[in-house]
Amino acid sequence: MLLVPPMNRPCMMAIASLALAFPASAMDNALRAGLMKLDPQTRLEQRCDAEVLDRITHDDRKFKADRVVAYAFATPEMSADAIKSSGAAFRSKGQWYRLKFKCQTGPDHMEVLQLRYRIGDEIPETDWAKYNLYD
């Protein structure tokens, strides 16, 4: 697998707003068009980020996931059509939680073929700045 350095924060935040403006399950034309404008590697990450947020929210009603940082604790491993993040974090209702996920997409990175994830411990607010997690 190819190791890819994390995106710079302004770029990640701009792209995250695109992915988070629309639920992953509602892959409408605007979201599809926005994702298609991204380079393939960024599209893979953003499509998987949107999918994991959607699945967390739908699988466990105690969460309302609205942000994910795939590289919070470790650099994700990327291959042509998959991302494995053992050091991710997601935000729900203003609180951050550790997350691990593996996501595989089709060749155009628009269809998620497989997603596995595991939610970890809550991250204390005193640690948020250290890991570039934000309100």
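Where is lysine 93 found? Hold that thought for a second while I set things up.

So, this is a predicted model, where local features need pLDDT of at least 70, side-chain atom pairs count only at pLDDT 80 or more, and totals for chains, interfaces and linings use all residues. Residues are numbered from 1 along each chain as its sequence is written, and side-chain values use heavy atoms, with hydrogens and water left out.

Okay, the overall layout. The protein chain has three helices and six strands. Reading from the N terminus, the order is β-α-α-α-β-β-β-β-β.

A few totals for the chain. Of its 135 residues, 45% are buried; buried is under 20% relative accessible area, exposed is over 50%, and partly exposed is in between, with a 1.4 Å probe and protein chains only. The accessible surface comes to about 7200 Å², and carbon and sulfur atoms own 50% of that. Those areas are Shrake-Rupley with a 1.4 Å probe, and for residues only the protein chains shown count as cover. If you take contacts between residues at least 6 apart in sequence, 53% join residues at least 24 apart, a contact being heavy atoms within 4.5 Å.

Now, back to the opening question. Lysine 93 is in the loop between S4 and S5. Those two strands, residues 82-92 and 95-105, run antiparallel and are joined by nine bridges; strands count as paired if DSSP finds at least two bridges between them. Together S4 and S5 make a hairpin with two residues between them. Lysine 93 isn't a glycine, yet its phi is positive, about 50 degrees. And it counts as exposed, at 61% relative accessibility.

Next hairpin along. S5 also runs antiparallel to S6, residues 112-122, with eight bridges joining them. Here leucine 99 has isoleucine 119 in S6 as its bridge partner. This hairpin has six residues between the strands.

Buried or exposed, then, for histidine 109? Buried, with a relative accessible area of 5%.

So that's the pair to click on: lysine 93 in the S4 to S5 loop, and histidine 109 in the S5 to S6 loop.

Technical notes:
Helix = DSSP H or I, 4+ residues; strand = E, 2+ residues; numbered from the N terminus.
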